[in-house]
Amino acid sequence: MDTITTDGVVLARTFVGEKDAIIKILTTEAGLVSASAKGIKNMKSKLAAGCGVFTFSEFLLRYDRGKYVVASAKPKEGFYGLSAHIERLSFATYIAELTRTFAPSAEDAKIILPLVLNTLYLLANTNKNMSLVKCVFELRLLCLLGYTPELDCCSLCGDTEQLYFFSPTSGGIVCRSCGKVPDACIVTPDALTAMRYAQGADEKKAFSFALSASDIDEFERCTESMCESVLGKKLSSLTYLKQITGKK
Ligand SMILES: [Zn+2]
């Protein structure tokens, strides 16, 4: 029987039977893992506080007969601001599902965990525009996982002029003459400038810019469609988020 000590953030929790739960944790040492949290519904459970959804904890995980079992979970940050607000919670739920669906390896998990924690912090504790936080997260996640969209020249012909469209299946920006590809959507110069900034800035500064609501919509359309194209599906938490925010 092996044990590992690892930091990790809980991205989902499903109750099983009367008292137990299976939690999905993005860990620094083992990537994305499913682990059994036994007795978690018990009022006196010592695991409950550290195994809540979106909680960042230090875990001791036992690997037993092909499965992880949570032996201990010491919470470091609960992001409690999320649960009191349906919109914040809906954004965070999407961030968690998107991260899970990309199924990061152990190596990737280490790289993306700071981004996930920073994003949850902004959603829980600040009044930053949540759609802006979401689209910067999507873009940075794509880049960290090796799906960096081309934003400097046309993805199809390499031209650097008249870059008016974004096409996820082409891999990024496309120029006016290549813009007839079926999935091309318009992107304004301001939205493109913001995307370039968010892609290239240091981690701590990546979210520090302002953008008009309509440009945020365009940025979002680009990164959402790129995520959908890479994953090959639309996430249910995104459909729900659209209902909550009234966006289509
Ligand atoms: Zn072109």
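Modeller: The crossing of H3 and H5 is left-handed. The model is predicted: local features need pLDDT of at least 70, side-chain atom pairs count only at pLDDT 80 or more, and totals for chains, interfaces and linings use all residues. Residues are numbered from 1 along each chain as its sequence is written, and side-chain values use heavy atoms, without hydrogens and water.

Colleague: What makes the crossing of H3 and H5 left-handed?

Modeller: The near helix is turned anticlockwise from the far one by less than a right angle; clockwise would be right-handed. So the H3 and H5 crossing is called left-handed.

Colleague: Why is H3 called oblique to H5?

Modeller: H3 and H5 (residues 213–231) pack at about 40°, with axes 9 Å apart. Axes are lines fitted to C-alpha atoms, for helices over the stretch in contact, and angles run from 0 to 180 degrees between N-to-C directions. Under 35 degrees is roughly parallel, over 145 roughly antiparallel, 65 to 115 roughly perpendicular, and the rest oblique. Therefore H3 is oblique to H5.

Colleague: Which residues of H3 and H5 meet?

Modeller: Among them, Ser 131, Leu 132 and Cys 135 in H3, and Ile 216, Phe 219 and Glu 220 in H5. By class, the residues of this contact divide into 10 nonpolar, two polar and four charged.

Colleague: How do you know whether Ser 131 is buried or exposed?

Modeller: Ser 131 sits in helix H3 (residues 130–144). Its relative accessible area is 9%. Buried means under 20%, exposed over 50%, partly exposed in between (1.4 Å probe, protein chains only). So Ser 131 is buried.

Colleague: What is in contact with Ser 131, leaving aside neighbours within four places in sequence?

Modeller: Phe 91, Ile 216, Glu 220 and Lys 247. Contact means heavy atoms within 4.5 Å.

Colleague: Why are H1 and H6 called roughly antiparallel?

Modeller: H1 (residues 86–101) and H6 (residues 236–245) pack at about 160°, with axes 9 Å apart. That angle puts H1 and H6 in the roughly antiparallel class. H1 passes H6 in a left-handed crossing. Phe 91 and Tyr 94 are among the H1 residues that meet H6, where Leu 238 and Tyr 240 are included.

Colleague: Are Cys 178 and Cys 222 buried or exposed?

Modeller: Cys 178, at 19% relative accessibility, counts as buried. Cys 222, at 0%, counts as buried too.

How values were computed
Helix = DSSP H or I, 4+ residues; strand = E, 2+ residues; numbered from the N terminus. Nonpolar A, V, L, I, M, F, W, Y, C, P; charged D, E, K, R; others polar.
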